[in-house]
Amino acid sequence: MDKQYVLDKINHPQYKPMSKDELLDYFEVTSEDRPIFFDLLTELKDEGMLFLSKKGRYGSIRDKGLYLGTLSTNEKGFGFFREKDTGKEMREEKILASET
């Protein structure tokens, strides 16, 4: 199981946020693979690809109307947002940003 597989499942429109235990069943994770799976969830959360609710449920940032990507601007003040997953340029979308 890799990051992209987990992201594809969680980004599916019919997915509803789930707890770690629910995700173990959903992805049919064996007891020996649990630590690897939990590390994967942590990586995806730390990279901003998933959110973890106050109730301990993992969900897609897209459920919140957010996208992860890069904002490029020029001297004239124009900017373009390029979504990380697709590289597609977007206009008038909410974005997640942090100062680096």
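A search of the whole structure finds 5 aromatic pairs. In one of them, the rings of Tyr-15 and Tyr-26 have centres 5.9 Å apart and planes at 65°, so this pair is edge-to-face. Because Tyr-15 lies in the loop between α1 and α2 while Tyr-26 belongs to helix α2, the pair ties together parts that are 11 residues apart in sequence. Tyr-15 counts as buried at 3% relative accessibility, and Tyr-26 as partly exposed at 36%. The rings of Phe-37 and Phe-38, by contrast, form a tilted pair, because their planes stand at 50° with the centres 6.4 Å apart.

Lys-20 lies over the face of Phe-38, at 4.6 Å from the ring centre.

## The nonpolar core

Phe-37 is also among the residues with the most contacts inside the largest nonpolar core, which has 18 residues. Helices α1, α2 and α3 (34-46) are the elements that give two or more residues to this core, and α3 gives the most, with 4 residues. Leu-44, another of the residues with the most contacts there, touches Lys-3, Val-6, Leu-7, Met-49 and Leu-50 once its neighbours within four places in sequence are left aside.

## Confidence

The mean pLDDT of the protein chain is 82, and 84% of its residues reach 70 or more. Among the elements, α2 has the highest mean (96) and strand β5 (residues 89-90) the lowest (52). Where pLDDT is low, the predicted coordinates should not be read in detail.

Technical notes: Residues are numbered from 1 along each chain as its sequence is written. This is a predicted model: local features need pLDDT of at least 70, side-chain atom pairs count only at pLDDT 80 or more; totals for chains, interfaces and linings use all residues. Side-chain values use heavy atoms; hydrogens and water are left out. pLDDT is the predictor's confidence in each residue, from 0 to 100. A nonpolar core is a set of buried Ala, Val, Leu, Ile, Met, Phe, Trp, Tyr and Cys residues joined through side-chain atoms within 4.5 Å. Buried means under 20% relative accessible area, exposed over 50%, partly exposed in between (1.4 Å probe, protein chains only). Contact means heavy atoms within 4.5 Å. Rings of Phe, Tyr and Trp (its six-membered ring) pair if their centres lie within 6.5 Å; planes under 30 degrees apart count as stacked, over 60 as edge-to-face and the rest as tilted. A charge sits over a ring if NZ of Lys or CZ of Arg is within 6 Å of the ring centre and within 35 degrees of the ring normal.
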